[in-house]
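Here is a short briefing to read alongside your model. Keep the 3D view open as you go.

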Amino acid sequence: MSRVLLYESIAQSLRQQIQLGALAPGERIPSIRQLSRTHAVSTATAVQACLMLEREGLIHARMRSGFFVRAVGPSASAKTPRMRKPRSMQNAELLTLQAVREGPALIPLHDARPAPSLLPEAALSAAVSRRLRNERSTALDYAPAQGHAELRRLIAHRYAEMSVTIDPDEVIITAGTMEAISLALRTLTRAGDVVMVETPTFQGVLQAVAALGLTIVELPRPNGDSFDLKRLEALLSAHQVKAAILVPNFSNPIGRRADDAAKQALLALCARYSTVVIEDDIYGDLAWDNSRPFPLRRWGSDDRVITCGSFSKSLAPGLRVGWLLGGAWTEALIRAKYFSTYGNASLPQLALIDYLGRHQQERHFRRLRRAIAENAERLRDAIFRHWPDGTCSGDPRGGLSLWVQLPAGADGSRLAEAAMAEGIGITPGRHFSSFGDYADHVRLSCGLPWSPELSRAMRRLGVLIRDQQELAARD
């Protein structure tokens, strides 16, 4: 009989506690020190036990916080869309999409942004007041087209902390990431040009591409740590792709990050076919394990990558402050910015300069990431408990989204309509494809703190899905 190793025995004990519900999804397991003391083993043995459970997908580590129980259930595994010829937007829902009507009773599971309670509202409000009081004339005047120099320096410094050297003179302040992406597209392309987007991807990107009259090819994004590199090369070799809009770090809605090897392989392929990458790095600071992944500029030359970012998902959505790292395209991007909006409002930029000078971003980020990760685990657990069998949840590692595949007989658009009638907002999967794919998916936001109201909403969504299935069965 084979001898059970000490770390295996500890792992089995924890495994049973998780399976019996004594350790619930999102709950912290005993610390390494506690496990070592309780089982009379070394800390190295306790670490081995935790790493074994992490490899099994039962727990996951959060930097400086310990190990936490993961919600376990079937993962979403959508069929890879077939290869299609480049063409313009074919999704009627996106062409007519407007912001979801919000009211006091709406539970905004459709809105992929952090709840105000998770953001430093008081500190930012104080920063706005100070700058308006002390620099009223500057705060109420036009900002330079490129943005205030000190804010651009602070953004460049943030990238320096990631071992990415950025000249502050190539930073361009924008009205959020979407303006940054639109400026990059207007600079790199002309109507009719072919651009590549991920699928599934954020609907705002698809709308921006459609508004400029561009032609689309879609690159499937697997629910893993890479890109579909074979499909990427096939698309690049078959079509003259001017630009590729990609989200390597925690793409919306999948919430996965590409590993460094995949990022470098992607850049090499795009460089071979003279395709410029427009990198959407808006979620890069929201790694749930606190390990900030590198942006593509870590490896890509400044004439092959334009990086877009924003404070909207991490500090203040309403300030509408984003940026471009223009590289070799900086002058052309500044001209495009000047010709469209001249410059953004001064007061939000000055307030962020004040806030960033007084507060440690990383401390806020750690609290925010922990809150989002814990809520994601609660959402996954509610899905597995209250939604019908056959529902599959995504397995994000960061960002603000949970991608859910509905069981047979359910439709995301019909579910969103029924949910809206009951004061619950969700986003249908069709909104994440230029061709209307993912009819059996929905996206949920992980930005809402868990509450009894949210728990009731998740249970109610499960009832609505069952109602759909029963209706489909009768038909």
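What follows covers the sheet, the helices on it and one glutamine.

This is a predicted model, in which local features need pLDDT of at least 70, side-chain atom pairs count only at pLDDT 80 or more, and totals for chains, interfaces and linings use all residues. Residues are numbered from 1 along each chain as its sequence is written, and side-chain values use heavy atoms, leaving out hydrogens and water.

**The sheet**
- Seven strands form an open sheet with mixed pairing, in the order β4-β10-β9-β8-β7-β5-β6; strands (E, at least two residues) and helices (H or I, at least four) are DSSP runs, numbered from the N terminus.
- At the edges sit β4 and β6 (215-220), each pairing on one side only; pairing takes at least two DSSP bridges between two strands.
- Strand β4 (residues 171-174) has V171 and I173 buried on one side, and I172 and T174 buried on the other; buried means under 20% relative accessible area (1.4 Å probe, protein chains only).
- β4 pairs with β10 (residues 322-325) in the antiparallel sense over four bridges, and T174 has G322 as its bridge partner.
- β9 (residues 305-310) also runs antiparallel to β10, joined by four bridges, with C308 opposite L324.

**A helix on the sheet**
- Helix α12 (residues 330-341) packs on the sheet and touches β4, β9 and β10.

**A buried glutamine**
- Q468 belongs to helix α16 (residues 452-474) and is buried, at 11% relative accessible area.
- Beyond its neighbours within four places in sequence, Q468 is in contact with G409, A410, D411, R414 and L415; contact means heavy atoms within 4.5 Å.

Terms used: Buried means under 20% relative accessible area, exposed over 50%, partly exposed in between (1.4 Å probe, protein chains only). Axes are lines fitted to C-alpha atoms, for helices over the stretch in contact, and angles run from 0 to 180 degrees between N-to-C directions.
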